[in-house]
There are 2 protein chains.
Amino acid sequence: MDSLDNIIKNRLNKDQLKQFNKIYYGTEDNCELELKESTKAESVKGNFEVAGYSFIAKKEELRKPNVLRLGLIQHSIVLPTDKPISEQRQAIFKKIEKIIEVAASEDVRILCLQETWTMPFFLCTGEKEKWEEFAEPAINGPSTLFLSKLAKQYEMVIISPILERDEDGKWWNTAVVIDEKGDYIGKHRKNHLPSVGSYSETSYYAPGNLGHPVFDTKYGKIAVNICYGRHHALNWLMFGLNGAQIVFNPAATIAEFGETFWGIEARTAAIANHYFTCSINRVGTEEYFINKDKKVRTYYGSSYVTAPNGCRTPGLSKDRDGLLIVELDLNLCRQVRDQWGFNMTSRLDVYAKSIEKKLCP
Amino acid sequence: MDSLDNIIKNRLNKDQLKQFNKIYYGTEDNCELELKESTKAESVKGNFEVAGYSFIAKKEELRKPNVLRLGLIQHSIVLPTDKPISEQRQAIFKKIEKIIEVAASEDVRILCLQETWTMPFFLCTGEKEKWEEFAEPAINGPSTLFLSKLAKQYEMVIISPILERDEDGKWWNTAVVIDEKGDYIGKHRKNHLPSVGSYSETSYYAPGNLGHPVFDTKYGKIAVNICYGRHHALNWLMFGLNGAQIVFNPAATIAEFGETFWGIEARTAAIANHYFTCSINRVGTEEYFINKDKKVRTYYGSSYVTAPNGCRTPGLSKDRDGLLIVELDLNLCRQVRDQWGFNMTSRLDVYAKSIEKKLCP
């Protein structure tokens with residue numbers, strides 16, 4: 001299960017690789033980050049991949065560079081899905097704690113985890129079983145408490161996509177945002193719910209009712225477009241109109257479902273809305289036992305980041321835990337917007353009317 | 001200037017190629033069309049490339065297959081840009097006539113030419129010079145008359161993107177649609193105008209005032225999204241909401257300008273809106289002399305077609321005239337829509353309100 005990125009790297013000669021890179025990644029040479037020896041050592045010890053890339057912006061006269069590092073974590077669950085809930089969760093916490101420590105040592109300032117990162121992705125089984133106990137409050141729930149401590153310790157903004165159970169007992173597919181002081185600063189709830197094959201998520205939680213919030217953090221303006229929301233151009237658009245510089249797309253998706261789309265939808269959104277997009281997908285094979293029937297799902301990882309100019313990093317592996325570190329200059333958002341003018345030529349007034357008319361002919 | 005498609009084909013082994021194809025084209029094996037010997041002979045004689053592919057749909061119980069062939073033509077200009085207008089145009093007509101004849105012999109039912117196909121793309125020079133004389137009426141203009149004859153003769157729907165000069169002398173970047181009887185049935189005018197680098201097209205023609213028409217032809221429901229309009233997700237969306245099964249994107253674009261985006265934007269649109277997209281870009285190097293200054297632009301071709309399921313054909317070459325023939329089953333549109341449900345989960349009411357609010361806060 002070698003990644004496309006690796007296959008290509010090993011088969012093309014230098015000139016061919018440059019041309020491939022230009023089309024496929026948007027840049028002739030992927031700019032790799034020099035990572036610390038300790039990072040490499042920890043990744044071997046912890047059996048997870050680490051990769052680092054950087055995106056460059058032009059030097060400006062009036063604005064200083066606005067450089068920071070993002071971290072994306074893709075991971076598998078640790079224990080079988082029939083083990084006690086608290087043990088399953090604790091095992092994931094333990095693994096993630098180590099990877100976040102490494103991210104912190106590399107000066108990652110904003111970090112995002114995958115969709116419902118605390119649990120097996122049972123939402124694609126059509127069943128709830130005892131797994132329903134993974135749902136937790138956004139504020140003061142176990143995962144928020146766990147990450148708040150790390151966020152404060154490392155002065156890191158952390159996005160934590162969880163299954164939320166609110167005070168009325170209603171479920172939501174939610175991304176909690178914790179700031180660098182360890183404080184909860186808000187949340188986004190998944191706007192578009194799939195009903196595709198066994199992914200019948202409408203039977204679990206309600207469509208997001210919080211619109212398209214952008215969180216103005218110490219390190220940048222960030223937003224979250226959860227999983228299936230990436231298929232909806234208007235969802236991406238609204239985060240852009242609301243000022244996002246970086247939009248994270250935490251996901252849980254399997255090869256039968258649109259691996260073909262994975263590398264292009266978030267990338268097209270980055271271009272159209274002149275922001276960075278960060279695509280995160282879980283890895284590993286999960287087995288769900290339902291009335292003695294076994295259901296198996298394998299997730300393909302391949303997490304990557306795209307810059308507003310359409311350049312993207314190679315993806316993390318398809319089957320290993322991984323930490324992707326990306327250094328970027330937020331100035332690139334405005335530079336690309338000024339160059340392409342997509343916002344100046346968007347004619348939103350025309351579309352507001354056209355859509356309205358389509359809804360009420 | 002070998003295309004990425006060719007580089008890859010010659011360098012990967014069979015298994016690697018399958019994996020590459022799956023990610024890059026959306027299918028492990030591109031399904032090539034068997035073309036006639038006479039087609040191959042004519043393409044050698046006329047020095048143009050011919051390539052054919054097919055997309056398969058599932059057999060249904062209640063609907064018959066709805067199979068047809070599309071043709072896309074990419075071409076260079078023939079004479080230098082300082083030759084007399086009528087000679088330049090006539091030379092292009094002559095070349096195109098031959099390629100359309102070959103398309104007809106292969107049973108192409110809907111054919112689309114590139115943006116402003118009758119002329120050098122002087123719109124990227126910032127100058128008008130005598131080239132302004134290429135602008136022509138949509139009805140009974142020289143290119144409409146020329147193509148109407150061929151459309152009737154071959155019972156072919158032809159989309160003819162031209163520079164339009166209307167009865168008030170106003171210019172538009174227009175796609176004329178001619179039906180299989182040779183009759184003019186309508187036109188679309190480019191909605192989004194670039195002001196990027198030397199592409200300052202707002203100084204030539206006005207933003208489209210005809211919305212997002214879909215033409216219900218004998219062979220299928222078709223629409224045209226001209227060039228820079230492909231960067232605007234809402235433009236693609238409206239053609240979809242209006243019922244398009246095939247959207248053509250005739251363009252004139254150079255490598256410095258988003259060759260990186262070329263392969264992904266129309267493809268993302270095909271997926272999001274469950275229709276076929278057909279991307280056509282001119283080829284060749286054009287020299288424009290303005291007050292003795294020479295400006296040179298090289299267009300990169302790479303025309304391709306994407307199916308609603310995200311599968312795409314390889315691109316035509318980067319530097320040769322070419323005819324791309326694609327056999328497809330229009331039933332695939334509904335099949336993919338039913339599978340993915342993007343239209344059922346689009347929450348357009350939310351967006352109509354959000355965009356409106358953004359415009360009038």
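A salt bridge is a side-chain nitrogen of Lys or Arg within 4 Å of a carboxyl oxygen of Asp or Glu. Keep that in mind for the first view of this predicted model.

**View 1. Salt bridges link chain A and chain B.** By that rule, 2 salt bridges are found across the interface of the two chains, A and B. In a salt bridge shown here, the side chain of Lys22(B) meets that of Glu259(A), with 3.1 Å from N to O.

**View 2. Chain A meets chain B.** Here 64 residues of chain A are in contact with 64 residues of chain B. About 5,900 Å² is buried between the two chains, and carbon and sulfur atoms give 67% of that area. On the chain A side, look for Arg11(A), Trp340(A) and Tyr351(A): they lose the most area to chain B, together 12% of what that side buries.

**View 3. Helix α9 of chain A crosses helix α9 of chain B.** Each of these helices spans residues 348-359 of its chain, and their axes come within 9 Å, crossing at roughly 145 degrees. The crossing is left-handed. From α9(A), Leu348(A), Asp349(A), Ala352(A), Ile355(A), Glu356(A) and Leu359(A) take part, meeting Leu348(B), Asp349(B), Ala352(B), Ile355(B), Glu356(B) and Leu359(B) of α9(B). Sorted by kind, the residues of this contact are 8 nonpolar and 4 charged, with no polar ones.

**View 4. Residues 68-330 of chain A carry a domain annotation.** An unreviewed UniProt entry lists this stretch as "domain: CN hydrolase". Over these residues the chain is 22% helix and 33% strand.

Technical notes: Residues numbered from 1 in each chain as written. Chains lettered and ligands numbered in written order. Predicted model: local features only at pLDDT ≥ 70, side-chain atom pairs only at ≥ 80, totals over all residues. Heavy atoms only, no water. UniProt positions renumbered as here; feature names shortened; annotations may be inferred. Helix = DSSP H or I, 4+ residues; strand = E, 2+ residues; numbered from the N terminus. Axes fitted to C-alpha atoms, helices over the stretch in contact; angles between N-to-C directions. Left-handed = near helix turned anticlockwise from the far one by under 90°. Contact = heavy atoms within 4.5 Å. Nonpolar A, V, L, I, M, F, W, Y, C, P; charged D, E, K, R; others polar. Buried area = accessible area lost by both parts, 1.4 Å probe.
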